[in-house]
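Visitor: I would like to question a model, term by term. Please show it first.

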Protein chains: 4
Amino acid sequence: MPFIAETTFHVRYVETDAQGVVNHAHYVSYLEEGRSDYLRQRGSSYANFERDGYFLAVTDLNVRYLKAIHYDNKITVRTWLTEARSRTLTFQYEIRHTETDELHATAITKHICLNRTGAVTRIPESWAQWMD
Amino acid sequence: MPFIAETTFHVRYVETDAQGVVNHAHYVSYLEEGRSDYLRQRGSSYANFERDGYFLAVTDLNVRYLKAIHYDNKITVRTWLTEARSRTLTFQYEIRHTETDELHATAITKHICLNRTGAVTRIPESWAQWMD
Amino acid sequence: MPFIAETTFHVRYVETDAQGVVNHAHYVSYLEEGRSDYLRQRGSSYANFERDGYFLAVTDLNVRYLKAIHYDNKITVRTWLTEARSRTLTFQYEIRHTETDELHATAITKHICLNRTGAVTRIPESWAQWMD
Amino acid sequence: MPFIAETTFHVRYVETDAQGVVNHAHYVSYLEEGRSDYLRQRGSSYANFERDGYFLAVTDLNVRYLKAIHYDNKITVRTWLTEARSRTLTFQYEIRHTETDELHATAITKHICLNRTGAVTRIPESWAQWMD
């Protein structure tokens, strides 16, 4: 079983659109926040990696939208690592209604490790701590 | 050959992130703007459909990120319809650098037609005008 | 002493810009979230008011930016009501670093109550519960 | 008469909220885009300044919201410089409906010049070209 980070927050009014529900674009920010919190929960921070001169760039994004999210809903993003290779990472996600546990969306993101010059580089050993 | 809408604009500073390039989440808003403009260029507007009580909900989103977009870059979103069924639509996209024509990203979105109650419904005949 | 709602969260990576700090536009969303949470903490929800056919439109916004907010910082928005009249409300805010308590920004927003037709209307009695 | 930059674009669906109009937070991004375009129209670019190691940080923001903006509206941001001092700049704005010329909002932003270390510094001579 992989480590699964659960990140819970209220969706914001600014994230809704004229359809009266959360605009699909904001789910992508929720996934990013899920990754940020995954690292925090593993005792690290993406901020450290950037300070060390490494960046994770998104190469692929897939989202399946199953059920609309309404303003003031509290949602839980579940984030886990499904593949870690020398230069790439793959994360998977579920966005669920915190109270009802209903599934709002599932997603996958793929990432590549870059250095300050933007060149693809090996993921540093120091990251291994949270990659098991 | 399908009708291809080309929509050109400068990316905004607020759309960049600490990596110094446009954050991947904003590409999804660019695609949505591409769809909006596709309808305008076909002589319609998504606003009309909502006034008629129809909504297009996104069910699937796929984005492949190929090359970072920097602040002040002028980009062109190319949007075309690849499938139109009784209740669903599929759009495909390219995001290119307007001057160099370099390809920054490709994407696909799938949509389902809903009525005011949120129930899946047939796409109205009036939409057929821009669906050939 | 007025009731002060304290709302704490991590800023998101997508909210930073190429300057490497949170873009000033996102502070406005933090204030909105502060208001949302103020209502929750008073035992209500802005969602209820909209269900009842009332809307709070922002008429004035003032923000003083004192100190940059960096990615991964945990901030606390302090929100309180400074004036409640028959048709208008005024909220005041502080955005502070949760750990160091440093003041990042102060703000004021003024609001007017609208009904479904967009006409200015009296704030319903039911809101009085959280307006003392 | 100062130089006034006029920047015209359609508001985006993602910028609307559940009230069915553009959320007030996005006006701040429109102002930022107005400043970006002001520099372009003066033959410069904010990107150049950052390359030279200078940054403009926002210190004060004032927005007066006069009339809601609806999806698909085309708006024109009018941007002009009202004060240029050795270390600070002040811009003023109008957001108007492009077709009807109706005034949606007025705004003022104040800015301070920072260097790479985040210290307040004199605005470089090279900026003088667009500051008359």
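Guide: In this predicted model, strand β2 (residues 54–65) of chain A and β2(B) pair in the antiparallel sense over five bridges. Local features here need pLDDT of at least 70, and side-chain atom pairs count only at pLDDT 80 or more, while totals for chains, interfaces and linings use all residues. Residues are numbered from 1 along each chain as its sequence is written, chains are lettered from A and ligands numbered from 1 in the order in which they are written, and side-chain values use heavy atoms, with hydrogens and water left out.

Visitor: Why is the contact between B:D60 and A:R64 called a salt bridge?

Guide: The rule asks for a side-chain nitrogen of Lys or Arg within 4 Å of a carboxyl oxygen of Asp or Glu. The side chains of B:D60 and A:R64 meet at 3.1 Å, N to O, so they qualify. Across the interface of chain B and chain A, two salt bridges are found.

Visitor: Which elements of chain B each supply at least two residues of the side that touches chain A?

Guide: α1 (24–41), α2 (46–51) and β2 (54–65) of chain B do. β2(B) gives the largest share, 10 residues.

Visitor: What is the order of the strands in the open sheet?

Guide: The 10 strands run β1(A)-β3(A)-β4(A)-β5(A)-β2(A)-β2(B)-β5(B)-β4(B)-β3(B)-β1(B), with antiparallel pairing.

Visitor: Why do β1 of chain A and β1 of chain B stand at the edges?

Guide: Each has a single partner strand, so one side of each is left without a neighbour in the sheet.

Visitor: How many bridges join β2(A) to strand β5 of chain A?

Guide: There are 11, and the two strands run antiparallel. A:N62 stands opposite A:I108 in β5(A).

Visitor: What is the area buried between chain B and chain A?

Guide: About 1800 Å², with 47% from carbon and sulfur atoms. Buried area is the accessible area (1.4 Å probe) that two parts lose on being put together, summed over both. B:Q19, B:H24 and B:L61 supply 31% of the area that chain B buries against chain A, more than any other three residues.

Technical notes. Helix = DSSP H or I, 4+ residues; strand = E, 2+ residues; numbered from the N terminus. Pairing = 2+ DSSP bridges.
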